[in-house]
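Me: Can you walk me through one part of this model, close up?

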Amino acid sequence: MKILTKWLRAYLPELSVDDLRLAEDLTLRGIAVEGIFDLGDGNGSLYEMDITTNRVDAMNHYGIAREAAAIYGVPLLPLDLALPAPQPAAASFSVKIEAEDACGRFTARVLRGITVTDSRDWFAQAEVDTYFRLLEQKKISSAVDATNFVWLAMGQPTHAFDLDKIEGGIVVRRARKGEKLKTLDGIERTLDPEDLVVADHAKPLALAGVMGGWDSMITPATKNVLVEAAWFEPMAVRRTARRHGLHTDASHRFERGADFNAAPVASALVSRILLAAGGSIEGDLVDVRVPALEARTAARKPIALALSEVQRILGTTTDADGITAATVEGVLAALGCMLAPAGAAAWSVTLPSWRLDIEREIDLIEEVARVYGYNRFANTLPAFGGGVTALSSAQAESALRETLRSAGFHEAIASTFCSASDAALTAPQPGLVVPLGNPLSEEAGVLRPSLIPGMLTMVAGNLHRDVSDVRLFELGTVFSGTTEKVDERPALAFVAAGALPEQSALHPARAVEFHDLKGVVEQVLARFQTRTVYFDRFPPEAGLNPAWLHPFRSARIVAEGTTVGWFGQLHPREAAARKLKETVLLGEIDLDRLYKLPLRKPAARELSRFQPVRRDFSLVLDESVAWEQIDRTLASLAIPEMVDWRARETFRDAKLGAREYSLLMGVTFQAADRTLREEELQAFQAQVIAAVGKAGARLRS
Amino acid sequence: MTNEVIPNLTAFDEAALGQAFATLERQARDAASALGSPEAVEAFRLHWLGRKQGLLNEVSSRWLKAAPPEAKKALGQRFNALKSAVEALLDAASGAGPSDAALAAEAIDITLPGSRRLTGAEHPITKTLNEIVSVFAALGYSVGVGPEVETDFYNFECMNFPPGHPARDTQDTLVVANQDRRPQRDRLLLRTHTSPVQMRTMEQQAPPVRIVIPGKVHRNDATDATHSPIFHQVEGLCVDTNITFSDLKGTLDHAMKALFGSSVKTRFFPSFFPFTEPSADVQISCIFCGGKGCRKCKHSGWIELLGCGMVDPAVFAFAKEKQPAYDPKKISGFAFGMGVERIAMMKYGISEIGQFYAGDMRFLGQFA
């Protein structure tokens with residue numbers, strides 16, 4: 001919206017600040033000046049303004065002048081409404097409001113013998129030519145310009161009809177089914193029975209509060225005019241405007257709540273300008289009001305306001321006096337409120353008809369703070385006696401992030417949405433995917449049931465950009481359920497491709513593989529207190545493995561007897577579908593299950609002072625025997641002095657049978673209280689050999 | 001080992017003795033300087049100090065025996081000095097390990113880059129969220145979270161959005177499918193702000209409340225350089241008896257100084273939010289130019305950073321239905337909210353908001 005400071009100053013003769021300062025002070029009071037353009041030559045400045053929709057009253061020159069008057073405590077000139085005495089009318093012009101729910105006030109004034117001409121600077125406060133030139137507002141004709149000028153001056157839409165086109169009188173009513181109206185934009189419209197129209201006794205003349213009609217518009221031949229200034233109900237105007245796809249200055253204002261008492265004022269201003277080129281008024285102003293709508297706007301009940309409440313909410317000011325009764329009275333009176341004392345430092349406040357956004361005591365308190373100036377309040381800190389509690393999952397979350405980061409994974413954040421097909425692929429419960437009603441795109445049609453789709457999109461994005469080493473994780477929310485009830489769970493997903501997170505000029509890079517990812521999973525689980533953790537997988541025909549994983553290179557993660565997640569190599573079918581030639585490893589963990597476990601608290605134990613002894617065993621095994629079997633067998637020996645055993649190397653060679661492999665196993669023995677004797681060690685070794693023998697291993701000779 | 005034979009001494013005067021012993025000592029020093037391995041050190045020891053064939057043994061047995069009695073004392077003193085010198089050379093050689101020459105053969109290129117075990121990066125959004133949260137934790141704020149899928153009631157109605165408010169339109173809000181037949185307040189949507197957690201917290205907890213709420217939110221927005229349908233907010237709520245607008249100012253002024261440096265200034269100006277009254281937008285003095293005016297702050301010297309205000313009594317009225325202590329006549333409070341992406345973009349000089357969600361290793365690696 002464009003505002004001329006020259007025009008503002010015409011209403012504020014005592015305003016002494018310059019245009020820059022005025023702009024700054026208005027902006028700090030919520031009347032935002034976004035741009036200032038010097039018009040030169042004593043013409044002041046043009047402000048480009050951005051007024052929030054709750055302040056429609058300030059979307060015009062007089063409204064902003066009122067704000068400035070309140071800020072600086074200077075007088076605001078009243079609008080000059082003096083009109084010549086009317087000629088007597090044979091009968092008062094007929095106006096009837098049928099739609100009493102939608103039209104609160106309708107004023108009509110008959111002007112006769114006017115001349116439609118070019119606009120000029122008619123008189124003080126009506127410099128139409130100068131102001132339109134500075135605003136680059138197109139002049140059309142003195143009649144149309146008069147209504148536009150008054151709109152820009154004080155924000156009340158008005159309309160001028162060619163009186164000779166009106167049959168009988170005015171009726172404000174709902175349209176009749178099938179009625180037609182050609183509006184000012186030249187479009188012939190078929191009206192809806194819900195549309196609000198201004199009609200005469202025979203036909204609709206205008207879409208009420210939205211746009212006038214073609215047939216009754218002012219032309220150069222017009223001699224007699226009916227000036228309309230009315231108040232229409234916001235919802236009625238919004239519905240009519242929407243139905244016809246129209247958004248006009250008038251509809252903008254009426255939709256947001258016009259000033260109930262502005263109609264006669266605007267009517268007088270328009271009439272004064274039209275009469276400046278000749279003509280006369282016939283009869284008194286016809287002013288029809290609907291009391292129910294007047295009670296909701298201009299005649300609202302006063303609001304009780306107490307100084308103590310103002311101070312309780314607003315607090316301390318940098319000025320030692322703080323907010324006083326005089327501050328409250330000064331600010332609110334300047335904004336158009338009437339304050340009647342109601343006890344000590346309390347008032348009964350009558351609200352101005354143009355401020356429909358003010359309804360409650362708190363609204364008045366806001367006005368006091370706003371006009372007083374937010375930045376004149378002190379910076380204080382409230383006292384606090386309570387304690388601070390962290391989220392129950394906060395520690396676990398940061399342990400997870402730390403573990404993944406130290407394993408070389410960057411944290412990522414992916415879209416909350418995925419395609420229905422990705423959801424079908426990755427959802428733990430395929431039927432329980434939640435679709436959106438207005439998705440951003442087809443690829444984002446549902447709430448993600450898993451973090452895997454995001455991981456796949458991101459790994460593909462990197463690989464397709466020739467970033468070949470990828471290690472990403474995400475800690476986020478996954479969704480399941482129905483459109484009636486949506487469940488949200490926290491999840492952790494990770495993906496890796498390319499080389500391990502090691503960078504060396506001296507050693508070749510090694511590609512990340514299944515067991516690297518398994519190591520990360522083990523480290524994640526090691527942050528939690530667990531008694532049993534194991535990994536397994538189901539035969540593919542069981543249909544229990546996630547469809548996105550390679551059925552023979554993936555594993556289920558089981559902690560404390562519960563499935564907490566899956567990981568492994570991306571199914572080659574999915575890799576091909578996504579044009580991924582590289583091996584992609586990825587996995588997902590249900591954090592709500594993991595969060596049920598307490599975080600592991602490290603506990604120190606005594607370190608043995610006695611020498612540990614390591615013995616290596618070279619075993620030959622059938623390929624059907626997995627390490628886990630050897631591991632469990634050794635664990636079941638429960639030899640306290642056997643403190644560690646691990647697979648050091650597995651390999652196949654020609655000297656072995658076709659379905660055999662060799663396993664080098666290291667076992668460490670150590671006692672807490674003595675040096676182990678050779679006889680003891682030999683006994684332990686024999687126990688180990690016997691045990692692995694039962695599990696199907698033989699010693700390599 | 002065959003020792004080289006020491007020369008016979010023909011004269012036993014001072015000059016002859018001095019020259020003979022100096023020659024031997026020089027030979028010992030030369031030999032010692034070339035010692036490169038423990039084996040060589042041992043050979044040196046045997047050569048000079050060996051019990052049977054060592055050179056010093058030779059000197060002792062041949063020169064001392066041959067010397068006339070008047071020269072024996074001077075010769076003995078020189079012999080002891082030589083022996084001490086050789087022993088010192090031996091001590092030095094065995095303590096120093098391999099010689100510099102031997103070590104030179106093991107030279108490496110120290111200018112090659114160091115081998116690195118790469119660690120992962122914290123996401124800049126997580127990092128920024130954590131920074132904001134810890135500033136408020138230090139002011140006594142606990143952390144709260146809430147669901148990303150919300151009901152119309154929590155997202156809009158109890159936050160005092162009137163029916164028909166534009167934000168409720170599907171043009172602005174992403175909604176779950178098939179909600180049309182449900183009562184308005186039960187309809188499910190993707191929360192458009194973290195504010196619903198204010199109400200969820202108040203329903204659970206009587207005042208005093210100090211809570212900071214980080215979270216992911218969604219709007220039906222087209223993506224451009226600075227807008228994304230997915231973004232993050234941090235919301236704050238403080239409710240107690242006698243919480244004032246000046247407390248709101250002081251709290252946010254303190255928080256902005258903690259986040260952006262103690263020289264940062266704040267200014268507040270009127271704004272409008274349905275759930276606060278009075279409402280304010282907060283600007284901080286430009287962190288790039290210090291307020292002088294630059295491209296980043298559009299030459300205004302100020303950067304708009306967050307919205308805030310005093311909790312609207314209408315919001316307390318909703319909370320009061322479950323917690324009677326939220327009587328707007330007895331308590332008061334303030335709330336504030338800020339966009340995490342915007343702050344992170346400013347702090348780290350990020351120009352495209354989309355980079356936060358693309359998972360590009362090159363982008364994320366910069367934050368390691």
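Is the crossing of helix 6 of chain B and helix 9 of chain B left-handed or right-handed?

Reply: This is a predicted model, so local features need pLDDT of at least 70 and side-chain atom pairs pLDDT 80 or more, while totals for chains, interfaces and linings use all residues. Residues count from 1 along each chain as its sequence is written, with chains lettered from A and ligands numbered from 1 in written order.

The crossing of helix 6 of chain B and helix 9 of chain B is right-handed (near helix turned clockwise from the far one by less than a right angle; anticlockwise is left-handed). Helix 6 of chain B spans residues 124-137 and helix 9 of chain B spans 245-260 (DSSP runs, H or I, at least four residues; strands are E, at least two). Their axes come within 10 Å and cross at roughly 135° (lines fitted to C-alpha atoms over the stretch in contact, angles 0 to 180 degrees between N-to-C directions).

Who touches whom? Helix 6 of chain B brings B:Glu131, B:Ile132, B:Val135 and B:Phe136, and helix 9 of chain B answers with B:Ala255, B:Ala258 and B:Leu259 (C-beta atoms, placed from the backbone, within 7 Å). Six of these contact residues are nonpolar, none polar and one charged (Ala, Val, Leu, Ile, Met, Phe, Trp, Tyr, Cys and Pro are nonpolar; Asp, Glu, Lys and Arg charged; the others, Gly among them, polar).

Helix 6 of chain B also lies across strand 2, strand 5 (209-218) and strand 6 of chain B, at about 5° to strand 6 of chain B. Those strands belong to an open, mixed sheet of seven, ordered 2-5-6-10-9-8-7 in chain B (pairing takes at least two DSSP bridges). Strand 6 (residues 230-240) of chain B runs antiparallel to strand 10 (residues 332-339) of chain B, joined by eight bridges. Look for B:Glu235 there: it stands opposite B:Gly337 in strand 10 of chain B.

Notes:
Two residues are in contact if their C-beta atoms, placed from the backbone, lie within 7 Å.
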